[in-house]
Amino acid sequence: MKYEIVRNKKYDFIGQSYATNYPNLHKYPATMLPQIGIELLKEFNISEGKLLDPYCGSGSSFASGLECGITEMFGFDMNPLAILISKVKFTKISINTIIETKIKLRDEVFEFVKDENNLDKLPLPNVTNPNFWFSKEVLNNLNILKNFIYQIENEQVKNFFILPFSETVRECSFTRNNEFKLFKMKAEDILKFNPDVFGVYFKKLNDTIFTYTNIYFPKLTNEVNVNVNYSAFEVSENSFDVVLTSPPYGDSRTTVAYGQFSTLSNEWTGIDYARKIDGMLMGGIKSKQMYANGIMADYIAEVEKEDKKRALEVSSFYVDLENSIKKIASSIKKGGKSIYVVGNRTVKNIQLPTDQFIAEKFEENGLKHLVTYERALTSKSMPSKNSPTNKTGKKVNTMLFEYVVVCEK
């Protein structure tokens, strides 16, 4: 069965970015525009009840929910950096406390660096190949910042100060900053690269304070409860009125490298398995057999003709996505909606109809497909072309459209 797709230009938001309405407090790959979620919640008249985002990333769906009057929201993600970003954005913290903490932190850091001997007192962070990714001076200065940030006693305030620290780690490292994967700069670029760690951090901290104060803080009334969990979503029978989410489009190793993007940040903030995160996400554990159910079976069979290994990788993603949809479907209340914003990735020149798969699996689990909208993909920060053959110069478009799949229980 083919589920009808309606081209809906209302959801294109051409010329708009994440920052148009809800600037993020920290870069994150492949984030859904909050504007899409806001428009969808309005179209389907959803302004109360419990919202779930089972793959919440940096919290776009919560921004959408807040804008539409929803005050009780729950999110899950397996990437510690994603959880940190979402928590900071949607936790109400006194602005005065933030300002006072900033002044104290700045004074402590600049007092400490006056004496070079102080450096020897600090234990080095547990970062893989630190000298490969950072100059000695950057390592020392990041270490000083981390030392004083982690002395902040209030956990919520400390998280707030860790967020710009995480961005500073990435920006002052030898990574190519316009990439989501971990690639090192060219040697000639490293020679010219001499970042001012403290300058970068306090500038980012000021930007974070400004955005939080003006965008997020005013919306965080006492009624708002955004509950963000570092775990995979597990069944919560008939609990949610709406699921609003943009799931991964494929396994993290070959699609959007959430784990690689977050590796240095996660290591600096004490996550000792940071380099294993891509393997923990959807499709991370390779399937031993081809996915052979329903709509997707023929497409995976086509991929298998080209490359059996890739077909097994693709299979593992759809096995995990199907299992996740089963849990989510049974957690939606009768009359509740499931709204998935998803892209159909191309593997071995074969476009995989993930939108159709999602509609099919929700229908198999007690929901009815209402509509699938097609929107032009104009603003999501992710690769638009890739090289599926790995032949130099031979590239194909990975994604030009996104699909909004709406189902009802």
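This is a predicted model: local features need pLDDT of at least 70, side-chain atom pairs count only at pLDDT 80 or more; totals for chains, interfaces and linings use all residues.
Residues are numbered from 1 along each chain as its sequence is written, and side-chain values use heavy atoms, with hydrogens and water left out.

Of the 12 residues in β6, 9 are buried, and buried means under 20% relative accessible area, exposed over 50%, and partly exposed in between, with a 1.4 Å probe and protein chains only. Strand β5, residues 240–245, runs parallel to β6 and is joined to it by 5 bridges, with T245 having Y340 as its partner; two strands pair if DSSP finds at least two bridges between them. Strand β12, residues 401–408, pairs with β6 in the antiparallel sense over 7 bridges, and here S338 is partnered by C407.

Now to the helices. How do the axes of α13 and α14 cross? Helix α13 (residues 308–331) and helix α14 (residues 354–364) have axes that come within 9 Å and cross at roughly 40°, the axes being lines fitted to C-alpha atoms over the stretch in contact, with angles from 0 to 180 degrees between N-to-C directions. That makes α13 oblique to α14, because angles under 35 degrees count as roughly parallel, over 145 as roughly antiparallel, 65 to 115 as roughly perpendicular, and the rest as oblique. The contact, meaning heavy atoms within 4.5 Å, includes Y318 and L321 of α13 and F357 and I358 of α14.

The second pair is α1 and α2 (residues 60–67), whose axes come within 8 Å and cross at roughly 45°, so α1 and α2 are oblique to each other as well. In this contact P34, G37, I38 and L41 of α1 meet S60, A63, S64, G65 and E67 of α2.

Finally, let us look at N21, which sits in the loop between β1 (5–7) and α1 (34–43). Is N21 buried or partly exposed? Its relative accessibility is 36%, so N21 counts as partly exposed. Leaving aside residues up to four places away in sequence, N21 touches Q16, Q35 and I215. The C-alpha atoms of N21 and E67 are separated by 10 Å, although these residues are 46 apart along the chain.

How values were computed. Helices (H or I, at least four residues) and strands (E, at least two) are DSSP runs, numbered from the N terminus.
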